[in-house]
Amino acid sequence: MNEAICGLLLSSFFNFGKVMFAVAALLGNLSLQLLSAPLLQLLWAWSSGWWWLLLPLLMLGRWRGGRLLLTFLLFFFWSGWSAQQQLKTLDPALQGVEILLVGAISSLPEEQGRGLRHLFSVESATLAGEAVTVPELLRLSWYETPPQPLAVAQRWQLLVKLKEPWGMLNPAGFDYEQWLFSEGIGATGYVRRHAALNQRLAEDAKMPLQQLRGDLQQRLYATLANPRSESGALAVSGEAMRGILAALLLGERGDISAGQWQLFLQTGTNHLMAISGLHVGLVATLVFFLMRWFWTLLPGAGRYLAAPRFAALIALLAALFYAALAGFSVPTQRAVMMAAVALGAIFFCRPVQPLQLLAVALLAVLLVQPLATLTPGFWLSFTAVAAIFYLLRGRSNRVLAQWSAQRWWGGVLQRSWQLVLLQLTLFLALMPLTAHFFGLVSLAAPLANIVAVPWVTLAVVPLLLLGALLLYLLPALAALLLQLAALAMVWLLNFLGWLQPQLAAVTLQSPTLLATCMALLGVAWFAAPAAWPARWLGLLALLPWWLSLPERPEAGTAAVTLLDVGQGLAVVVETQQHLLVYDSGPRFGDGFDAGRMVVAPLLRQHGWQAIDLLMISHGDLDHIGGAQALSELFTVNQMVTAVPQQVSWQRAAPCEAGQQWQWDGVTLTLLHPAASDSALGENDRSCVLQIEANGQRLLLTGDIEKGGEQQLLQRQADHLAADYLIAPHHGSRSSSTLPFVKAVAPKWVFFPAGYLNRYHFPATEVVARYREQGAQLITTGTAGAIIFTLGAANREPPKRYRFDSPPYWRRGLATDDTL
């Protein structure tokens, strides 16, 4: 009786999981996610008072079109409710003040450039002895060595400073705020130095799964301590191997180096570093066949439960366990749901179609994680599986099928051809999405994945899983298996390192959303069955995306983007045919590199392949940090800097007053330093560049302070006037002296300073000084990237990226961006 009821429920679930219902649910979710902040606030204000008017919509279920509309509306409002809950974050009054927290570490601690970082589940919070309310889930950083080693599930009392979810905002690159929102993190912060208050509590939290993940990571790292392999041009350290294997076993990718990530990205194999559906499917398949064989060995077991049904049950538990080890990421959620439906069909002896599996998985993910559609992983994962199902749906090559029947090697040839065809189709299907999200398409991806996918799936992952299991039973054998898995990864990385320069990645202008959708439809048309008419027309749909020309400024004007790189400086200046990058932002250890993560994505989005002039004002890491990465990713035609002795990776000339460039009716002139300024400090010898277009001027000043400003006033007083000024030294009180401010007399002043930075830039007296001269002020930390056109006839106010059509999750929309 119970089996009949379960079978009926499963059948109903299959019926609800039809593709059209899944599409309606997805469209409902996307309609919500695409709303801007003002529209969502208006909608929520209306629906909170009139939600009961939606009840009659339940009557729509009487007819098919109504059921689709009802599905759309239900997922629209479900996504809206989930978003509204997540928008409840830190009270602004609690930002930047010391708060005493009690709670538990709820993620595996990971190293970052200057310390450690982990999630923290809050139990209580007090401010000056009074209880306060903070978000339940925080992301905390330690910049000092903790009193004792950190581990998941430890309960701590910590003195912290918090801020609402906030990140650098630029037209391209990683959106940290969006990621925090999609992960449910309500605030970020750091642990203050206080030996008396920062204490580990006696009793740990009950997090058995997270503790198991932490214990596995520790055992894995200890087992693989200091292995090293050097082969060819690529040297892989034991630490890098541990990070890669931890990613494949636990879904923890924080210990993979930036260089390794770049190699995976350049070869289109970065998807392998997530525990994908392929890995979960492999575990479920192996366990299914193993358990079915085992069950047949037990006399009389089949009388109680058929071997396939028993195997399906155990295989599902194994898939769930592996996905749990990975932290139930979106790809693993999708894979587990598909495995559950497929294994459920075996258990209840009911047929199910592949696209039905995908539809049920999509519905489940949208129910459990409605904010998953904000992540690239959601789109890449579901698109890849949909492409596989679409391509392999009842197709075979007739010639190869005949060979397979007549010759023993025909089957091998047929499977090999299917693998090649599959990788080419996946390359075409994911190419528009990859370009849209990352601005990069790897020409090596088909060949790299033909080798890497079966190698990782059939060699590395089985060795890794078996070795991890035996860590608790036979440590010596486990160490051997894990070393073999590490060696297998070394061989693969050496192959990828050889392949990368042979088929370089192509930097593309990031396509629009419409062009991306057209390209996906074109790929689907091209990959249709052989009987489909004029399949070649599908390639035409790729042309608007592939051949789209980047917008360039008119002759005599320059497009200027002051990027938000936190506490640092990076400016991109584009004329009709030339590109200047002034400073490259900061770099922190092996983690954040503004050149690679902020500047390069913008240049790719705008379709640039080379940098005509890279100017580094001086040698501070917040200005020169990303320069080497830019030189690796783009052709740099000329580099000038005040510190050529610090540039070892490329030829660099010293900047000297009087140098000038004429680009498309735009004049770039170096005003400082002079050859006689060697006695000045490094900040005061920063390259000061003036850009003039159609009578309008922009002055870029690096980190000059009082001494550098005095030299400029003595030699260039009559040439300092500018419409736009990037404030010296981020607005520190050691610069922007009153004579300098009066000489420049800017209409707009931009402060490249991080949000709530520890230096308190821009200084209050500096802000007051510029305001007294009538200037309008903007700070990148609160406004995001600042974008304007120098020399434009209409003189529109600079665009502040944070406030330009913000999505509903964007923070700080009511913030005074001059602070």
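**A tour of the disulfide and the aromatic contacts**

The count comes to one disulfide, the term denoting a pair of cysteine sulfur atoms within 2.5 Å. The model is predicted, so local features need pLDDT of at least 70 and side-chain atom pairs count only at pLDDT 80 or more, while totals for chains, interfaces and linings use all residues. Residues are numbered from 1 along each chain as its sequence is written, and side-chain values use heavy atoms, with hydrogens and water left out.

**Stop 1: the cysteines**

Select Cys655 and Cys687, which form a disulfide with their sulfur atoms 2.0 Å apart. Viewed along the S-S bond, the torsion is about -80°, so the disulfide is left-handed. Cys655 lies in the loop between strand S20 (653-654) and strand S21 (660-663), and Cys687 in the loop between strand S22 (666-672) and strand S23 (688-693), so the pair ties together parts that are 32 residues apart in sequence. Helices (H or I, at least four residues) and strands (E, at least two) are DSSP runs, numbered from the N terminus.

Both Cys655 and Cys687 are buried; that term means under 20% relative accessible area, with exposed over 50% and partly exposed in between (1.4 Å probe, protein chains only). Select Cys517 next: this residue is partly exposed, with a relative accessible area of 39%.

**Stop 2: the aromatic rings**

The structure holds 25 aromatic pairs. Rings of Phe, Tyr and Trp (its six-membered ring) pair if their centres lie within 6.5 Å; planes under 30 degrees apart count as stacked, over 60 as edge-to-face and the rest as tilted.

Select Phe76 and Phe77: the ring centres are 5.2 Å apart and the planes stand at 85°, so the pair is edge-to-face. Phe76 is buried, at a relative accessible area of 13%.

Move on to Trp78 and Trp81, whose ring centres are 5.6 Å apart with planes at 15°, so the pair is stacked. The two tryptophans are three residues apart in helix H4 (residues 64-86), a separation of about one helical turn. Trp78 is partly exposed at 32% relative accessibility, and Trp81 is partly exposed at 43%.

**Stop 3: charges over rings**

Finally, select Arg800 and Phe803: the charged end of Arg800 sits over the ring of Phe803, 4.5 Å from its centre. Such a contact requires NZ of Lys or CZ of Arg within 6 Å of the ring centre and within 35 degrees of the ring normal. With Arg242 and Tyr221 selected, Arg242 is seen over the face of Tyr221, at 5.5 Å from the ring centre.
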